Structures are given as C-alpha cells and as structure tokens.
Amino acid sequence: LRDAGKAIAGLLANEKEAVGLWMYWQDWEDNRREGQPYFRAEQIRDCLREILKLAGLLSMARERLHLAKGEVLARQNFSVAPKDWKAYGNPEMESVNGRLRVMGKGGTVWFDRELEDCVISFDYEPFATDGKGAGALFAFPAVPLPGKTLEASAGRMESYNRGIDTYHVSLFRGGSGMTNLRRTGPGLKMLASVQPDPCAELKKNYRVTLLKYGPSFQVFVDGRLIHAYVDAGCYGPVPRRGRFGVRHFSGGMLECFYADFEVAALAPR
C-alpha cells in the first residue's frame, strides 16, 4: 500500500525516479503496441486499483495462518553436471566444486520441473561483472505465454517480458543499489522497490529464499524479509504453478555461483 501510494505521488509530480521505476516497459522504450504514447494515467489507475483491492482485503475478518516447511521436493548440491537444469541464450553453465557456475548476459537457466506453492532456497554469489548494466533476477512460478516456450525468456528483456508470465525479483541489480519485485506482462509491472540491494557485494555468498503460497509471495536474504507481496489480482489471475529460473541481465556480463538448492512443500498449521 505504501509503495503504491508513493508511486502515485511521484507519477503525479512527474518525478524522474518514480516515472522510471513505475512506468510500463513499452513506454520506457517508446515502443508500445499500436503506437500508443506514454500515458501516465495508466500507471496511476493501476496503483489506485491495487490500493482499493488491498484495502478491501484488509477490511475482511482477520485470519492468522502459520506455514510449516514440509516435505523436501528437490535438493541439489551441484557436485555433478546439472542435468535437471535447462539453459537458453547460451550462457556458460557448469558444475564447479559442488556449485553451479553461470556466466553470460541475456541468458536464462531453468529448473526443469513444474512446482506449485513451495519455498525455494539456494546460495547465491555474484562473483564478477563487466559493468553496471549487469544483474540477475529470479523468477517463479513461470509459465510460457500461449504460443511461446521458455526460449522467449532469453535475449532482450522485451522478449522475456512478453514471452512468460511470472513474478521475479532482482538481486544484485547492477549499480542501482535497489531490489525490485515485478510481474511480467503488460508493462513489466512494478510490485515493490526496496533499498538498499541486499545482494550488492561481489564475491559474497548470500542465502536467498523465495516463498510462494496462494496469493502471497515473499523474498528473504540471509533470513531477513526483503519483499512481501499479496496479489490482489489486479494484473491477471494469480500464478499457481510453474518453473523456477534465473536470468542474467542483457545489459552486461555477469558470473555467479549457485549452491545448496532446495525446494520444500508448505503446509498450514
């Protein structure tokens, strides 16, 4: 609610930072379909609609839900070749001393298994980069749009955005000093932006956790809650099932190491 309110204020004031964060991706590139120009009212409308829907949820009777980590569905330490992972866009991908090394720009790597509500945890070390345009994002639960495959997730960001439906969070986001939670689709919709970036330091290992349960999506780094989003259905049906994947930004080369990957079921108690 706070983020949506701040976005409306910034868009009304035409603040450069707010417009740059919240405007639609097609607007930013000045390449919208049907030749439509940048129309600030669309972003303001969507933020207002989300505020109204979330306020409606808050007015309902409160129900406390405790989630327990359940059965481990998958676990990998990458001591052997990563046969359960598929790469698109030709990134370098290899097993090195029990860790998965991925290097490239505009490439994606996907865990080759569909998952539903679960908690996904892994070690993440951004190791080396060639400039401020490099970065990484983590997508879940991702499904290709009709007529597309996961190949659309590689290459230019516009192909990724128009090719799959997913939430994603950027961690080690170039030199921006922030982390963004977004949803693909019309506008590459901003859901939340937080400063500072909790994974900003190179050659440091972080423990990242993504939790998806119903309309709730949460991101933790080293046990600290970074993003918490409740999907009120403003931007399409809530994603229910899909794949987990990593995308290295197309703006610069990034080398990372991933390890101790685990997927566990979630159960209310």
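## Basis of the values

Local features of this predicted model need pLDDT of at least 70, side-chain atom pairs count only at pLDDT 80 or more, and totals for chains, interfaces and linings use all residues. Residues are numbered from 1 along each chain as its sequence is written, and side-chain values use heavy atoms, with hydrogens and water left out.

Strand β3 (residues 92-96) pairs with β4 in the antiparallel sense over five bridges. Strands are DSSP runs of E with at least two residues, helices are runs of H or I with at least four, and both are numbered from the N terminus. Two strands pair if DSSP finds at least two bridges between them.

The two strands form a hairpin with two residues between them. N97, in the turn, has a positive phi of about 55 degrees. Within the pairing, S95 stands opposite L100 in β4. L100 is also one of the residues that line the largest cavity.

## Two cavities

Rolling a probe the size of a water molecule over the atoms shows where empty space is left. A cavity is a set of points, on a 1 Å grid over the protein atoms alone, where a 1.4 Å probe fits but cannot get out; lining residues have an atom within 4 Å of a point. Grid points are joined across faces, edges and corners, and a volume is the space filled by probe spheres set on the points. The count comes to two cavities of 30 Å³ or more.

The largest cavity has a volume of about 70 Å³. Its lining consists of F78, W85, L100, V102, V109, F122, F244, V246, Y258, A259 and F261. By class, the lining has 11 nonpolar, no polar and no charged residues. Here Ala, Val, Leu, Ile, Met, Phe, Trp, Tyr, Cys and Pro count as nonpolar, Asp, Glu, Lys and Arg as charged, and the others, Gly among them, as polar.

The second largest cavity holds about 30 Å³ of space. P91, V102, M103, G104, G107, T108, V109, V246, R247 and H248 line this cavity. At least two lining residues come from each of β4, β5 (108-111) and β14. Five residues of the lining are nonpolar, four are polar and one is charged.

## The largest pocket

A pocket is an open set of points with protein on both sides within 12 Å along at least five of seven lines. The largest one contains about 1,700 Å³ of space. It is lined by 43 residues, and L1, L54, A228, Y229 and V230 lie nearest its centre.

Helices α1 (2-12), α2 (16-22) and α4 (40-58) each supply at least two lining residues, as do strands β10, β11, β12 (216-221) and β13 (224-230). The largest share, seven residues, comes from α1. The lining has 27 nonpolar, six polar and 10 charged residues.

T166 lies in strand β8 (residues 164-170). T166 is buried because its relative accessible area is 0%; buried means under 20%, exposed over 50% and partly exposed in between, with a 1.4 Å probe and protein chains only. Leaving aside neighbours within four places in sequence, T166 is in contact (heavy atoms within 4.5 Å) with A139, F140, P141, A142, Y160, R182, R183 and T184. A polar atom of the T166 side chain lies 3.1 Å from the backbone nitrogen of F140.

D231 is found in the loop between β13 and β14, and is also buried, at 5% relative accessible area. The backbone nitrogen of G233 lies 2.8 Å from a polar atom of the D231 side chain.

## P196

P196 is placed in the loop between β10 (189-194) and β11 (206-213). P196 counts as exposed because its relative accessibility is 62%. Leaving aside neighbours within four places in sequence, P196 is in contact with G177 and T179.

How values were computed:
A polar contact is a pair of N or O atoms within 3.5 Å; within protein, one must be able to donate a hydrogen and the other to accept it, and residues adjacent in sequence count only if both atoms are side-chain atoms.
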